Amino acid sequence: MILKCLATIAALGCLLSASAQYGQCKMSDKPDGFASYGGGTTGGAGGEVVTMSTKAELKKVLDTETPLIVQIKGTVDCSGSSIRVRANKTLIGLGNDAKIINGGFDTYKGSNIIIRNITFVASPEDAIKLQQETRNVWINHCTFCDTEDPNHDPKKGSGDGTIDVTRQSSNVT
């Protein structure tokens, strides 16, 4: 299948431990740009490392205040909805095939969030929504595609399928 991609974010670097390698990202790299302002962005550094492969698993761990490094394995179908992400999280796709399809992530007044090495496909709205004073977010090595269907008309979508930053959110790279 041919992916019709709207945008690819490929900023510099990555984050976490010097020895781990995931896809194209070294876990030891650090954010730059606006995500380095306001105290910087460390995501779930120092928290437990967990590996998830379903929407239910992701919803359970991402809707907590606990710092976590969440590794996403394989394809997760969000069934047309977004998964809430609370503060102090690192979401990183394992290998080159980590995908979120039919949905994405949203945060409301969240902070210190890293999203890396994930392909977002066919989100009915924006794949990543940063709302109401969300700050210190680093999105790196992510790809946003409208569909895996080669016959899809991209002019018939409701959102553009990428990233929406609203209401005084700041320090986003």
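Close-up 1. A search of the whole structure finds 3 salt bridges, a salt bridge being a side-chain nitrogen of Lys or Arg within 4 Å of a carboxyl oxygen of Asp or Glu. The structure is a predicted model, in which local features need pLDDT of at least 70 and side-chain atom pairs count only at pLDDT 80 or more, while totals for chains, interfaces and linings use all residues. Residues are numbered from 1 along each chain as its sequence is written, and side-chain values use heavy atoms, with hydrogens and water left out. One of the salt bridges joins Arg86 to Asp63, with the closest N and O atoms 2.6 Å apart. Arg86 lies in the loop between strand S6 (75-84) and strand S7 (89-93), and Asp63 in the loop between helix H1 (55-62) and strand S5 (68-72), so the pair ties together parts that are 23 residues apart in sequence; helices (H or I, at least four residues) and strands (E, at least two) are DSSP runs, numbered from the N terminus.

**Close-up 2. Salt bridge between Asp106 and Arg84.** The side chains of Asp106 and Arg84 meet at 2.6 Å, N to O. Because Asp106 lies in strand S8 (residues 99-108) and Arg84 in strand S6, this pair ties together parts that are 22 residues apart in sequence. Asp106 counts as buried at 9% relative accessibility, whereas Arg84 is partly exposed at 31% (buried means under 20% relative accessible area, exposed over 50%, partly exposed in between, with a 1.4 Å probe and protein chains only).

**Close-up 3. Salt bridge between Lys129 and Glu125.** The closest N and O atoms of Lys129 and Glu125 are 2.7 Å apart. Lys129 is buried, with a relative accessible area of 14%, while Glu125 is partly exposed at 43%.
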